[in-house]
Amino acid sequence: MSVTAFLVPSPVPPEIADDDAPVGRPRDRPGYHRVRRGVYAPQHEWDRLAARERYLTRVHALAAIRPNTVFCMESAAALLGLPLFGEPRRIHAFAPGLRRSTSFGDVTVHTSATARRVDAGGTIAVVDAADTSIDLAHVLPPAFGLAVMDAAIAAHPAASTMRDELQHRLETRVPAHGRRRAEWALGFAVANSESVGESVSRAVISWLGLEAPELQCVFRSEGARDRTDFLWRRASVAGEFDGWDKYPTHDPRAARAAFIAEKRREDRLRRQLRAVVRWEWRDALHPHRLERLLAQAGVPRTDRRRPSLLADVGRNPRST
């Protein structure tokens, strides 16, 4: 067991209470949300949480009342800061000594013939980032599994070392359902995909049969250094995935300044390229939208479409 430097804290500190106490239970007082039996959060704080934050709070709530839990799968990903997709339905724990995996309530306890490496972060233990990434690449839709792999490699101080470690662990795993999916995700993963949206877009672009783009290319002009998410050099087309969190909506003045800076950056790129195409989540998750945008810009097709893979983009039965 190794020690990890950082685990993502709970967005709302869980409040522990005795649900069997005759008086004073949070569930008997207005303004509390029951995260799970014996664990509560102020309702006004719970209501403003995003899906990822709600799930992370649920994981921390279980850790608070079951401190010996070793978290895995999406639960480990939440604690390690790896991507999540929607709010996972279940909390996942790892217990290698069990004869078979089991479930209770919203918790699934997994076992495996292959050991996992565990990081201990303070009072919480998690399956480490490499094993968690491999586990999720076996079970998530391929584009989402790729995003987890990309993030794990990008977060490591030495990307090539992390890739080698992932390859070694995958090769030494007892073969399981989803193995080919995990092998594809690792083979396609890169260290310089800078967001989940970029990772999913790369998968979709590949399955559309369009030419593979270059990533994170730099253009210098007018005293500025501008970087593109995607570049099709022969077609003279740049692609930009719009993650709207780049604009700080809590600060209107800062958001306006960021928007103006982005507009000026795009104008500089348009003076050097034939086209700049922008898209967002709804385009990446509905591939016909992205296909239309890129085809109109002149991105060439170099391979056949893969309809079966495209049909599953955005579908994740493991989450709400």
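**View 1. A three-stranded open sheet, with strands in the order β1-β3-β2 and antiparallel pairing.** The edge strands, β1 (15–16) and β2 (32–36), each pair on one side only. Strands pair here if DSSP finds at least two bridges between them; strands (E, at least two residues) and helices (H or I, at least four) are DSSP runs numbered from the N terminus. Two bridges join β1 to the antiparallel strand β3 (residues 39–42), and Glu15 stands opposite Tyr40 in β3. The model is predicted: local features need pLDDT of at least 70, and side-chain atom pairs count only at pLDDT 80 or more, while totals for chains, interfaces and linings use all residues. Residues are numbered from 1 along each chain as its sequence is written, and side-chain values use heavy atoms, leaving out hydrogens and water.

**View 2. The stacked aromatic pair of Phe230 and Trp232.** Rings of Phe, Tyr and Trp (its six-membered ring) pair if their centres lie within 6.5 Å; planes under 30 degrees apart count as stacked, over 60 as edge-to-face and the rest as tilted. The centres of Phe230 and Trp232 are 6.3 Å apart, with 20° between the planes. Phe230 is buried at 0% relative accessible area, and Trp232 is buried at 0% (buried means under 20%, exposed over 50%, partly exposed in between; 1.4 Å probe, protein chains only).

**View 3. The edge-to-face pair of Phe241 and Trp281.** The ring centres lie 5.6 Å apart and the planes meet at 85°. Phe241 lies in strand β12 (residues 237–241) and Trp281 in helix α10 (residues 281–284), so the pair ties together parts 40 residues apart in sequence. Phe241 is buried at 7% relative accessibility, whereas Trp281 is partly exposed at 33%.
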